[in-house]
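Please open the model in your viewer and keep the selection tool at hand. The stops below are meant to be visited in order.

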Amino acid sequence: MSAITYDVKTNGKVKLSEKEQADLTRAFQHTPPVFQLLSQLRTRRFGRGFTYETGETEIHPATGLPQFLPEGEFKYKSQQDPTPLTEVQEALVLWAAGGPNGQIVMDLPCGVDMATFLCVAGRTIPGPCNDSQVHFFVVNDRGTFFWKPTRKREKPVEIEGPDDYYKILQWYRDGLIQLSEKRIDLSWGVPNRLMGAWQWNFNKPGTTIIIPVGEIALEQINLLLTFYEWAGWYIVDDDGEPNVGEDFLREHKNLTLPYPHKKFEELCLQASDYVVGHAIGNAKLAAEALGLGYWNFCGFAEDLVLGSLPEIANGLGFTYNEVNGQRYSLGREGVFESWGFPAPWWNSVDELVDAVVDYRYGKKGDFFGKGGASGSELDELPFKKEQLDSFRGNPRLRYEDWTIEAVKRDLRHNVEKYGRYPVNFSAMQCNFMIQLHNVDVDYYDKFYVPGYITDRIRNHDEIWH
(Lines give C-alpha, C1' and ligand atoms only; values in the text may rest on other atoms or scores of the structure.)
Protein backbone atom coordinates (compact mmCIF):
# COMPACT_ATOMS: atom_id res chain seq x y z
CA MET A 1 0.00 0.00 0.00
CA SER A 2 1.26 3.47 -0.87
CA ALA A 3 2.62 5.40 2.11
CA ILE A 4 1.97 8.85 0.65
CA THR A 5 -0.05 11.26 2.74
CA TYR A 6 -1.10 14.85 2.18
CA ASP A 7 -1.21 15.72 5.86
CA VAL A 8 1.16 18.69 5.72
CA LYS A 9 2.44 19.67 9.14
CA THR A 10 2.75 23.31 10.19
CA ASN A 11 4.47 25.12 13.01
CA GLY A 12 1.71 27.70 13.19
CA LYS A 13 0.76 30.75 11.20
CA VAL A 14 3.67 32.50 9.51
CA LYS A 15 4.30 36.01 10.85
CA LEU A 16 5.55 38.18 8.01
CA SER A 17 8.25 40.76 8.47
CA GLU A 18 7.53 44.26 7.20
CA LYS A 19 9.68 43.62 4.13
CA GLU A 20 8.00 40.29 3.37
CA GLN A 21 4.57 41.92 3.59
CA ALA A 22 5.76 44.78 1.37
CA ASP A 23 7.26 42.38 -1.20
CA LEU A 24 4.10 40.29 -1.36
CA THR A 25 1.95 43.40 -1.61
CA ARG A 26 4.11 44.62 -4.49
CA ALA A 27 3.74 41.31 -6.29
CA PHE A 28 -0.05 41.21 -5.96
CA GLN A 29 -0.86 44.88 -6.37
CA HIS A 30 1.96 46.63 -8.23
CA THR A 31 3.09 44.33 -11.02
CA PRO A 32 1.84 44.72 -14.61
CA PRO A 33 -1.48 43.18 -15.73
CA VAL A 34 -1.39 39.90 -17.61
CA PHE A 35 -1.76 41.37 -21.11
CA GLN A 36 1.16 43.73 -20.59
CA LEU A 37 3.26 40.85 -19.24
CA LEU A 38 2.41 38.77 -22.29
CA SER A 39 3.65 41.55 -24.54
CA GLN A 40 7.04 41.54 -22.78
CA LEU A 41 7.44 37.81 -22.17
CA ARG A 42 10.98 36.82 -23.16
CA THR A 43 13.52 34.16 -22.30
CA ARG A 44 16.62 35.81 -20.84
CA ARG A 45 19.12 33.03 -20.29
CA PHE A 46 22.17 34.93 -19.09
CA GLY A 47 22.37 35.47 -15.35
CA ARG A 48 24.79 36.87 -12.84
CA GLY A 49 27.93 34.78 -12.52
CA PHE A 50 27.35 33.05 -15.89
CA THR A 51 29.80 32.66 -18.79
CA TYR A 52 29.65 32.12 -22.54
CA GLU A 53 32.34 31.04 -25.00
CA THR A 54 35.35 32.14 -22.93
CA GLY A 55 37.69 29.48 -24.26
CA GLU A 56 38.44 28.46 -20.67
CA THR A 57 37.72 25.12 -19.00
CA GLU A 58 35.30 25.44 -16.11
CA ILE A 59 34.69 23.04 -13.25
CA HIS A 60 30.98 22.99 -12.47
CA PRO A 61 30.43 23.94 -8.81
CA ALA A 62 27.62 21.41 -8.25
CA THR A 63 28.95 18.36 -10.09
CA GLY A 64 32.71 18.88 -10.27
CA LEU A 65 32.54 18.01 -13.97
CA PRO A 66 34.66 19.99 -16.45
CA GLN A 67 32.99 21.86 -19.28
CA PHE A 68 34.58 23.74 -22.14
CA LEU A 69 33.44 25.96 -25.00
CA PRO A 70 35.94 27.42 -27.49
CA GLU A 71 36.27 31.18 -27.59
CA GLY A 72 33.38 32.48 -29.68
CA GLU A 73 31.28 35.37 -30.92
CA PHE A 74 29.46 35.86 -27.60
CA LYS A 75 32.49 35.60 -25.35
CA TYR A 76 31.50 36.96 -21.97
CA LYS A 77 32.27 36.38 -18.32
CA SER A 78 29.89 37.97 -15.86
CA GLN A 79 31.49 40.42 -13.47
CA GLN A 80 28.56 40.16 -11.07
CA ASP A 81 28.31 37.73 -8.20
CA PRO A 82 25.52 35.12 -8.38
CA THR A 83 22.43 36.43 -6.59
CA PRO A 84 19.87 33.84 -5.44
CA LEU A 85 16.15 34.49 -5.59
CA THR A 86 14.72 35.76 -2.32
CA GLU A 87 12.51 33.39 -0.37
CA VAL A 88 9.47 35.48 -1.26
CA GLN A 89 10.33 35.41 -4.98
CA GLU A 90 10.82 31.64 -4.99
CA ALA A 91 7.60 31.13 -3.04
CA LEU A 92 5.66 33.33 -5.47
CA VAL A 93 6.95 31.54 -8.57
CA LEU A 94 6.22 28.12 -7.07
CA TRP A 95 2.74 29.22 -6.04
CA ALA A 96 2.09 30.49 -9.56
CA ALA A 97 3.34 27.21 -11.01
CA GLY A 98 0.92 25.07 -9.02
CA GLY A 99 0.02 26.35 -5.59
CA PRO A 100 -3.28 26.37 -3.67
CA ASN A 101 -5.88 28.93 -4.76
CA GLY A 102 -9.18 27.74 -3.26
CA GLN A 103 -11.66 24.93 -3.74
CA ILE A 104 -12.73 23.71 -7.16
CA VAL A 105 -16.28 24.44 -8.31
CA MET A 106 -16.98 20.81 -9.17
CA ASP A 107 -19.89 21.81 -11.36
CA LEU A 108 -20.85 18.47 -12.89
CA PRO A 109 -24.20 16.75 -12.33
CA CYS A 110 -24.15 13.34 -10.67
CA GLY A 111 -25.52 11.87 -13.87
CA VAL A 112 -22.37 12.46 -15.90
CA ASP A 113 -19.73 10.74 -13.77
CA MET A 114 -19.19 13.31 -11.04
CA ALA A 115 -17.32 10.56 -9.20
CA THR A 116 -14.43 10.94 -11.63
CA PHE A 117 -12.89 13.70 -9.52
CA LEU A 118 -9.76 12.61 -7.66
CA CYS A 119 -9.23 15.75 -5.60
CA VAL A 120 -11.35 18.79 -4.74
CA ALA A 121 -8.54 21.14 -3.72
CA GLY A 122 -8.01 23.85 -6.31
CA ARG A 123 -4.61 24.91 -7.68
CA THR A 124 -3.36 27.58 -10.04
CA ILE A 125 -3.17 24.87 -12.71
CA PRO A 126 -5.75 22.39 -13.99
CA GLY A 127 -5.52 18.61 -13.97
CA PRO A 128 -7.42 15.73 -15.60
CA CYS A 129 -10.20 14.88 -13.15
CA ASN A 130 -8.37 17.34 -10.90
CA ASP A 131 -5.90 14.55 -10.10
CA SER A 132 -3.27 16.99 -8.72
CA GLN A 133 -0.53 14.58 -9.78
CA VAL A 134 1.99 17.11 -11.08
CA HIS A 135 4.40 17.98 -8.27
CA PHE A 136 7.57 20.05 -8.13
CA PHE A 137 11.16 19.41 -7.20
CA VAL A 138 13.16 22.54 -6.41
CA VAL A 139 16.92 23.04 -6.61
CA ASN A 140 18.67 26.10 -5.20
CA ASP A 141 21.81 27.06 -3.29
CA ARG A 142 20.35 25.46 -0.13
CA GLY A 143 19.98 22.03 -1.74
CA THR A 144 17.33 19.88 -3.41
CA PHE A 145 13.71 19.85 -2.25
CA PHE A 146 10.28 18.36 -2.94
CA TRP A 147 7.33 20.74 -2.64
CA LYS A 148 4.05 19.27 -1.45
CA PRO A 149 1.72 22.05 -0.25
CA THR A 150 -1.37 21.29 1.76
CA ARG A 151 -4.63 20.22 0.17
CA LYS A 152 -6.70 21.83 2.90
CA ARG A 153 -8.78 24.76 1.64
CA GLU A 154 -10.50 27.43 3.72
CA LYS A 155 -12.28 29.63 1.17
CA PRO A 156 -13.44 29.58 -2.45
CA VAL A 157 -10.62 32.07 -3.14
CA GLU A 158 -7.78 31.65 -0.69
CA ILE A 159 -6.04 34.97 -1.33
CA GLU A 160 -8.62 37.74 -1.25
CA GLY A 161 -6.38 40.57 -0.05
CA PRO A 162 -3.38 41.62 2.06
CA ASP A 163 -4.52 39.66 5.13
CA ASP A 164 -4.08 36.46 3.11
CA TYR A 165 -0.66 37.19 1.60
CA TYR A 166 1.09 35.32 4.41
CA LYS A 167 -0.27 32.08 2.93
CA ILE A 168 2.25 32.25 0.08
CA LEU A 169 5.11 31.81 2.56
CA GLN A 170 3.04 29.48 4.74
CA TRP A 171 2.43 27.05 1.87
CA TYR A 172 6.02 27.37 0.71
CA ARG A 173 7.64 26.68 4.09
CA ASP A 174 5.22 24.00 5.24
CA GLY A 175 5.31 22.18 1.90
CA LEU A 176 9.08 22.02 1.31
CA ILE A 177 10.72 18.70 2.08
CA GLN A 178 14.51 18.80 1.94
CA LEU A 179 15.97 15.80 0.13
CA SER A 180 19.61 16.92 0.09
CA GLU A 181 21.75 19.80 1.26
CA LYS A 182 23.40 19.76 -2.15
CA ARG A 183 22.24 20.73 -5.61
CA ILE A 184 21.18 17.96 -7.96
CA ASP A 185 24.24 16.30 -9.54
CA LEU A 186 23.50 17.38 -13.11
CA SER A 187 25.25 19.85 -15.41
CA TRP A 188 26.19 20.48 -19.04
CA GLY A 189 29.24 18.27 -18.59
CA VAL A 190 27.44 14.94 -18.08
CA PRO A 191 28.31 12.41 -20.82
CA ASN A 192 26.84 12.83 -24.30
CA ARG A 193 25.17 16.15 -23.37
CA LEU A 194 22.33 14.26 -21.73
CA MET A 195 21.12 17.49 -20.12
CA GLY A 196 20.89 19.08 -23.58
CA ALA A 197 23.49 20.82 -25.72
CA TRP A 198 22.01 24.24 -24.87
CA GLN A 199 22.14 24.13 -21.07
CA TRP A 200 25.68 25.54 -20.60
CA ASN A 201 24.74 27.58 -17.52
CA PHE A 202 22.39 25.00 -16.01
CA ASN A 203 22.46 24.50 -12.24
CA LYS A 204 24.94 27.29 -11.56
CA PRO A 205 25.13 29.10 -8.18
CA GLY A 206 22.33 31.62 -7.66
CA THR A 207 19.82 29.74 -9.80
CA THR A 208 16.54 28.16 -8.79
CA ILE A 209 15.42 25.17 -10.84
CA ILE A 210 11.80 24.03 -10.77
CA ILE A 211 11.36 20.48 -12.05
CA PRO A 212 7.74 19.42 -12.56
CA VAL A 213 7.17 15.66 -12.40
CA GLY A 214 3.84 14.24 -13.52
CA GLU A 215 2.45 10.91 -12.33
CA ILE A 216 0.14 9.47 -14.99
CA ALA A 217 -1.00 6.09 -13.63
CA LEU A 218 -3.52 7.31 -11.03
CA GLU A 219 -5.53 9.15 -13.66
CA GLN A 220 -5.00 6.38 -16.24
CA ILE A 221 -6.62 3.81 -13.94
CA ASN A 222 -9.27 6.33 -12.91
CA LEU A 223 -10.14 7.01 -16.54
CA LEU A 224 -10.67 3.29 -17.15
CA LEU A 225 -13.52 3.45 -14.62
CA THR A 226 -15.19 6.14 -16.71
CA PHE A 227 -14.61 4.43 -20.05
CA TYR A 228 -16.03 1.10 -18.92
CA GLU A 229 -19.01 2.34 -16.92
CA TRP A 230 -20.05 5.55 -18.64
CA ALA A 231 -18.79 5.40 -22.23
CA GLY A 232 -19.20 1.74 -23.18
CA TRP A 233 -15.57 1.57 -24.32
CA TYR A 234 -13.33 -1.41 -23.78
CA ILE A 235 -9.57 -1.44 -24.27
CA VAL A 236 -8.03 -3.79 -26.83
CA ASP A 237 -4.47 -4.94 -27.37
CA ASP A 238 -2.49 -4.62 -30.62
CA ASP A 239 -3.97 -7.89 -31.84
CA GLY A 240 -7.53 -6.76 -31.10
CA GLU A 241 -7.80 -8.92 -27.99
CA PRO A 242 -10.00 -7.24 -25.34
CA ASN A 243 -8.07 -6.68 -22.14
CA VAL A 244 -11.06 -7.79 -20.06
CA GLY A 245 -11.44 -11.07 -21.97
CA GLU A 246 -14.05 -12.29 -24.45
CA ASP A 247 -16.07 -13.92 -21.69
CA PHE A 248 -16.48 -10.60 -19.90
CA LEU A 249 -17.61 -8.89 -23.11
CA ARG A 250 -20.27 -11.52 -23.68
CA GLU A 251 -21.65 -10.86 -20.20
CA HIS A 252 -21.62 -7.07 -20.58
CA LYS A 253 -23.35 -6.12 -23.82
CA ASN A 254 -23.07 -2.41 -22.96
CA LEU A 255 -19.36 -2.51 -23.90
CA THR A 256 -19.57 -1.75 -27.60
CA LEU A 257 -16.58 0.38 -28.64
CA PRO A 258 -13.07 -1.13 -28.86
CA TYR A 259 -10.31 1.39 -28.15
CA PRO A 260 -6.59 0.64 -28.77
CA HIS A 261 -4.47 0.45 -25.65
CA LYS A 262 -1.60 2.45 -27.16
CA LYS A 263 -3.91 5.33 -28.02
CA PHE A 264 -5.40 5.21 -24.55
CA GLU A 265 -1.97 5.52 -22.93
CA GLU A 266 -1.01 8.34 -25.32
CA LEU A 267 -4.16 10.19 -24.27
CA CYS A 268 -3.24 9.86 -20.59
CA LEU A 269 0.36 10.92 -21.24
CA GLN A 270 -0.77 14.04 -23.08
CA ALA A 271 -3.27 14.88 -20.34
CA SER A 272 -0.38 15.05 -17.85
CA ASP A 273 1.91 16.94 -20.23
CA TYR A 274 -0.54 19.78 -20.73
CA VAL A 275 -0.68 20.33 -16.96
CA VAL A 276 3.11 20.70 -16.88
CA GLY A 277 2.82 23.17 -19.75
CA HIS A 278 0.37 25.25 -17.73
CA ALA A 279 2.73 25.17 -14.73
CA ILE A 280 5.72 26.35 -16.74
CA GLY A 281 3.63 29.06 -18.41
CA ASN A 282 2.49 30.36 -15.03
CA ALA A 283 6.05 30.33 -13.69
CA LYS A 284 7.21 32.34 -16.71
CA LEU A 285 4.54 34.99 -16.15
CA ALA A 286 5.47 35.21 -12.47
CA ALA A 287 9.17 35.56 -13.30
CA GLU A 288 8.39 38.29 -15.82
CA ALA A 289 6.29 40.15 -13.26
CA LEU A 290 9.06 39.93 -10.66
CA GLY A 291 11.85 41.04 -13.01
CA LEU A 292 13.64 37.68 -13.01
CA GLY A 293 15.41 35.92 -15.84
CA TYR A 294 14.58 32.36 -16.78
CA TRP A 295 14.61 29.76 -19.47
CA ASN A 296 12.32 26.79 -19.85
CA PHE A 297 13.54 23.76 -21.72
CA CYS A 298 13.15 20.13 -22.66
CA GLY A 299 15.68 18.12 -24.70
CA PHE A 300 17.25 16.34 -21.71
CA ALA A 301 17.29 12.66 -20.78
CA GLU A 302 14.29 12.06 -18.55
CA ASP A 303 15.82 8.91 -17.04
CA LEU A 304 18.93 10.88 -16.06
CA VAL A 305 16.94 13.54 -14.20
CA LEU A 306 14.64 11.09 -12.42
CA GLY A 307 17.45 8.78 -11.37
CA SER A 308 17.08 5.79 -13.66
CA LEU A 309 20.69 6.16 -14.85
CA PRO A 310 22.51 5.97 -11.50
CA GLU A 311 25.70 4.88 -13.25
CA ILE A 312 25.89 8.48 -14.52
CA ALA A 313 24.10 10.56 -11.87
CA ASN A 314 21.70 10.16 -8.97
CA GLY A 315 19.32 12.81 -10.30
CA LEU A 316 16.18 12.97 -8.16
CA GLY A 317 16.88 9.53 -6.74
CA PHE A 318 13.82 7.70 -8.06
CA THR A 319 13.67 3.93 -7.95
CA TYR A 320 12.87 2.11 -11.18
CA ASN A 321 12.11 -1.31 -12.54
CA GLU A 322 13.57 -2.81 -15.70
CA VAL A 323 11.49 -4.77 -18.20
CA ASN A 324 13.06 -6.16 -21.37
CA GLY A 325 16.04 -3.84 -21.01
CA GLN A 326 13.90 -0.69 -20.60
CA ARG A 327 13.93 1.25 -17.34
CA TYR A 328 10.71 2.70 -15.93
CA SER A 329 10.72 5.26 -13.10
CA LEU A 330 8.56 4.42 -10.07
CA GLY A 331 9.10 7.42 -7.81
CA ARG A 332 10.85 8.13 -4.55
CA GLU A 333 9.46 6.05 -1.71
CA GLY A 334 7.79 8.07 1.01
CA VAL A 335 8.11 11.26 -1.05
CA PHE A 336 6.33 10.89 -4.38
CA GLU A 337 5.26 7.37 -5.34
CA SER A 338 3.70 6.21 -8.57
CA TRP A 339 0.43 4.35 -9.03
CA GLY A 340 2.03 2.06 -11.59
CA PHE A 341 2.58 -1.65 -11.14
CA PRO A 342 4.78 -3.36 -10.05
CA ALA A 343 6.14 -1.13 -7.30
CA PRO A 344 7.41 -1.92 -3.79
CA TRP A 345 4.38 -0.25 -2.20
CA TRP A 346 1.73 -2.34 -4.04
CA ASN A 347 1.13 -5.97 -3.14
CA SER A 348 -1.24 -6.77 -6.00
CA VAL A 349 -3.18 -5.32 -8.91
CA ASP A 350 -6.40 -5.72 -6.94
CA GLU A 351 -5.01 -3.67 -4.05
CA LEU A 352 -3.91 -0.96 -6.46
CA VAL A 353 -7.27 -0.66 -8.23
CA ASP A 354 -9.18 -0.68 -4.94
CA ALA A 355 -6.94 2.15 -3.71
CA VAL A 356 -7.70 4.20 -6.82
CA VAL A 357 -11.45 3.64 -6.36
CA ASP A 358 -11.29 4.52 -2.64
CA TYR A 359 -9.14 7.61 -3.26
CA ARG A 360 -12.22 9.87 -3.45
CA TYR A 361 -13.90 8.66 -0.24
CA GLY A 362 -13.29 9.56 3.39
CA LYS A 363 -12.59 7.15 6.22
CA LYS A 364 -16.34 6.68 6.72
CA GLY A 365 -16.88 6.03 3.02
CA ASP A 366 -18.51 9.38 2.25
CA PHE A 367 -17.66 11.18 -0.99
CA PHE A 368 -14.59 13.32 -0.22
CA GLY A 369 -15.19 13.02 3.48
CA LYS A 370 -12.64 13.57 6.21
CA GLY A 371 -9.49 11.47 6.31
CA GLY A 372 -9.54 10.34 2.69
CA ALA A 373 -6.43 9.46 0.71
CA SER A 374 -6.75 12.52 -1.53
CA GLY A 375 -6.20 14.84 1.42
CA SER A 376 -9.09 17.03 0.28
CA GLU A 377 -12.66 17.40 1.62
CA LEU A 378 -16.12 18.58 0.62
CA ASP A 379 -17.51 19.19 4.11
CA GLU A 380 -17.27 23.00 3.98
CA LEU A 381 -16.76 23.89 0.30
CA PRO A 382 -17.98 24.45 -2.39
CA PHE A 383 -21.62 23.40 -1.83
CA LYS A 384 -24.30 24.71 0.47
CA LYS A 385 -24.90 22.23 3.28
CA GLU A 386 -28.40 21.21 2.18
CA GLN A 387 -27.13 20.49 -1.35
CA LEU A 388 -24.17 18.48 -0.07
CA ASP A 389 -26.36 16.45 2.28
CA SER A 390 -28.78 15.79 -0.55
CA PHE A 391 -26.41 14.52 -3.23
CA ARG A 392 -23.63 12.91 -1.20
CA GLY A 393 -25.57 9.67 -0.88
CA ASN A 394 -26.38 9.45 -4.57
CA PRO A 395 -25.49 5.92 -5.79
CA ARG A 396 -24.00 7.39 -8.98
CA LEU A 397 -21.13 8.67 -6.88
CA ARG A 398 -19.90 5.07 -6.64
CA TYR A 399 -18.66 2.85 -9.42
CA GLU A 400 -20.45 -0.43 -9.87
CA ASP A 401 -18.82 -3.73 -8.93
CA TRP A 402 -18.65 -4.95 -12.52
CA THR A 403 -16.77 -1.76 -13.51
CA ILE A 404 -14.16 -2.25 -10.83
CA GLU A 405 -13.76 -5.89 -11.90
CA ALA A 406 -13.33 -4.76 -15.53
CA VAL A 407 -10.50 -2.41 -14.54
CA LYS A 408 -8.81 -5.14 -12.50
CA ARG A 409 -9.04 -7.52 -15.47
CA ASP A 410 -7.62 -4.84 -17.75
CA LEU A 411 -4.58 -4.28 -15.53
CA ARG A 412 -4.02 -7.99 -14.90
CA HIS A 413 -3.98 -8.61 -18.66
CA ASN A 414 -1.25 -6.01 -19.16
CA VAL A 415 0.85 -7.06 -16.19
CA GLU A 416 0.69 -10.74 -17.19
CA LYS A 417 1.45 -10.04 -20.86
CA TYR A 418 3.91 -7.12 -20.62
CA GLY A 419 5.16 -7.24 -17.06
CA ARG A 420 3.99 -3.78 -16.05
CA TYR A 421 1.33 -1.06 -16.06
CA PRO A 422 1.35 1.44 -17.71
CA VAL A 423 2.79 -0.54 -20.59
CA ASN A 424 4.30 2.00 -22.98
CA PHE A 425 5.49 4.75 -20.66
CA SER A 426 6.87 5.29 -17.18
CA ALA A 427 4.24 6.24 -14.65
CA MET A 428 6.53 9.15 -13.73
CA GLN A 429 7.12 11.74 -16.45
CA CYS A 430 9.64 14.59 -16.49
CA ASN A 431 10.25 16.31 -19.82
CA PHE A 432 10.07 20.04 -19.12
CA MET A 433 11.65 22.32 -16.49
CA ILE A 434 12.47 25.95 -15.84
CA GLN A 435 15.55 27.66 -14.38
CA LEU A 436 15.26 31.11 -12.82
CA HIS A 437 17.99 33.62 -11.98
CA ASN A 438 18.84 37.29 -11.62
CA VAL A 439 19.72 38.74 -15.02
CA ASP A 440 23.18 40.13 -15.84
CA VAL A 441 22.01 43.33 -17.48
CA ASP A 442 25.53 44.19 -18.69
CA TYR A 443 25.56 41.19 -21.03
CA TYR A 444 22.43 42.38 -22.82
CA ASP A 445 23.67 45.98 -22.93
CA LYS A 446 26.82 44.77 -24.68
CA PHE A 447 25.25 42.59 -27.39
CA TYR A 448 21.62 43.63 -27.87
CA VAL A 449 19.64 46.63 -29.09
CA PRO A 450 17.61 48.43 -26.44
CA GLY A 451 14.19 47.05 -25.51
CA TYR A 452 14.98 43.59 -24.19
CA ILE A 453 15.59 44.62 -20.58
CA THR A 454 12.53 45.95 -18.76
CA ASP A 455 12.67 48.46 -15.95
CA ARG A 456 11.67 45.65 -13.58
CA ILE A 457 14.88 43.82 -14.49
CA ARG A 458 17.17 46.86 -14.67
CA ASN A 459 16.01 48.16 -11.28
CA HIS A 460 15.68 44.73 -9.70
CA ASP A 461 18.15 45.22 -6.85
CA GLU A 462 16.65 48.55 -5.86
CA ILE A 463 13.19 46.97 -5.73
CA TRP A 464 13.86 43.56 -4.20
CA HIS A 465 17.22 43.45 -2.40
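This is a predicted model: local features need pLDDT of at least 70, side-chain atom pairs count only at pLDDT 80 or more; totals for chains, interfaces and linings use all residues.

Residues are numbered from 1 along each chain as its sequence is written, and side-chain values use heavy atoms, with hydrogens and water left out.

**First stop: the largest core**

Select Met 106 and Tyr 228, the residues with the most contacts inside the largest nonpolar core, which has 56 residues. Such a core is a set of buried Ala, Val, Leu, Ile, Met, Phe, Trp, Tyr and Cys residues joined through side-chain atoms within 4.5 Å. Among the elements giving two or more residues to this core are helix H5 (217–231), helix H7 (261–290) and helix H11 (401–418). Helix H5 supplies the largest share, eight residues. Helices (H or I, at least four residues) and strands (E, at least two) are DSSP runs, numbered from the N terminus.

Now display the surroundings of Tyr 228. Leaving aside neighbours within four places in sequence, its contacts (heavy atoms within 4.5 Å) include Trp 233, Leu 255, Trp 402 and Asp 410.

**Second stop: another core**

Select Ile 434, in strand E18 (residues 433–437). Is Ile 434 buried or exposed? Ile 434 counts as buried, because its relative accessibility is 0% (buried means under 20% relative accessible area, exposed over 50%, partly exposed in between, with a 1.4 Å probe and protein chains only).

Not counting residues up to four places away in sequence, Ile 434 touches Tyr 294, Trp 295 and Ile 210, among others.

Move to Phe 74, in the loop between strand E3 (66–67) and strand E4 (76–77). Phe 74 is partly exposed, with a relative accessible area of 38%.

Select Ser 308, in the loop between helix H8 (302–306) and strand E14 (319–323). Ser 308 is buried, at 0% relative accessible area. Leaving aside neighbours within four places in sequence, Ser 308 is in contact with Asp 303, Tyr 320, Arg 327 and Ser 329.
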